[in-house]
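The sequence and structure are shown below.

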Amino acid sequence: MPLPLFPAMASSFSPTTAPAAAASARALLPASTSRPLALAGRIPSKKGFRRGRFAVCNVAAPTAAEQEAKASGAKESQRPVYPFAAIVGQDEMKLCLLLNVIDPKIGGVMIMGDRGTGKSTTVRSLVDLLPDIRVVVGDPFNSDPDDPEVMGPEVRDRILQGDQDLPVTTAKITMVDLPLGATEDRVCGTIDIEKALTEGVKAFEPGLLAKANRGILYVDEVNLLDDHLVDVLLDSAASGWNTVEREGISISHPARFILIGSGNPEEGELRPQLLDRFGMHAQVGTVRDAELRVKIVEERARFDRDPKGFRESYKEEQEKLQQQISSARSNLGAVQIDHDLRVKISKVCSELNVDGLRGDIVTNRAAKALASLKGRDKVTVEDIATVIPNCLRHRLRKDPLESIDSGLLVIEKFYEVFS
């Protein structure tokens, strides 16, 4: 239903000054195309205000040709990414990332460890392995043409009006970097004042949360993120939607993403509310084996000398891993877990005094994803033993006098219950 225009919005235009202001703004600012979302309002004309449609548009929506050209150009000009298959060691972190790609509903990964251990390199190398998804062409929210829960407002309106000819294409799952210094407007989206001056419309410019919908949102040094941005992420992660209130206009759009964060525990701890939003927690340590360290240094030097050649040498392994992920995603729905194993998982969570039920849910999902990755349709005890420390260690209540690692506490309780 059309939303009423607030008086404050209309009062910014004057019947006498609006044409002059628009003309001067056109001379200074480039015009751009718009996609109306239909909010009712009043539009200034030469004789004063007249009743009409006050258009709200997504200024970031490219056409199909622009989208294809941008994708091909980005592929040719992008910086070379270190191949995921070439990363030596850090198996726990790599496994957590792969499981979240297979089942995004696991809820993301928190990676904490020493500096210089390849946390950011590993996360960014995941881009090459991300599978293709079906998206509506030109939609800034990466809308799924088949799932109303992850559709942008414009696409949903078109489907409700009976439009069955939406242009659909396939695209890679996107990974969005959230800089520590980002403003709330850049993260959530804002209203484009340029269009208000030049065209008399209120245009919504989507932010990083819109771009990350159905993709991955990566926050490096997440423990240094400003509190107000943490609150924004908490709201979006909890509801799967982002609501923007600007200039009397309220716009909501889907924001379902895999939240990946990395950081160094020496630089500060995370708020418990944010820590609980991460499905899995991976701890990364410095490699101590001298031979392995030498291999890592040599591989990195080889990549720096010839990035393209280095990537080519791992092309076959990368493609094999891509096919494995694609097969695991398609077979995930067929994986079963026995009721007895579910009960034991919940018993472990209960006896460890884990707050809430997220630990139970995530452990079940991660075990299924691991079984699917291994090509099986049934979860085993070994699958649960592999993933349960990563799913529960960050959910245990902190005891300042406890010296043992929380992951070891989880393992001890697991063997006590499952024996």
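## Strand pairing

Strands β7 and β10 (residues 215-220) run parallel and are joined by three bridges; strands here are DSSP runs (E, at least two residues), numbered from the N terminus, and two strands pair if DSSP finds at least two bridges between them. V176 has L217 of β10 as its bridge partner.

The model is predicted: local features need pLDDT of at least 70, side-chain atom pairs count only at pLDDT 80 or more, and totals for chains, interfaces and linings use all residues. Residues are numbered from 1 along each chain as its sequence is written, and side-chain values use heavy atoms, with hydrogens and water left out.

## The sheet

β7 and β10 belong to an open sheet of five strands, in the order β7-β10-β13-β4-β14, with parallel pairing. At its edges lie β7 (175-177) and β14 (280-284), each of which pairs on one side only.

## Nonpolar cores

A nonpolar core is a set of buried Ala, Val, Leu, Ile, Met, Phe, Trp, Tyr and Cys residues joined through side-chain atoms within 4.5 Å, where buried means under 20% relative accessible area (1.4 Å probe, protein chains only). The largest has 58 residues, of which L97, L99, I111, L126, I260, M280 and I384 touch the most other members. Helix α4 (residues 91-102) supplies the largest share, eight residues; a helix is a DSSP run of H or I, at least four residues. Because domain 1 (56-68 + 78-306) and domain 2 (335-418) both contribute residues, this core lies between them; the domain bounds come from an automatic or database domain assignment.

Apart from this core lies another, of 33 residues, including I191, L225, I249 and F278.

How values were computed
Buried < 20%, exposed > 50% of the residue type's maximum accessible area, 1.4 Å probe, protein only.
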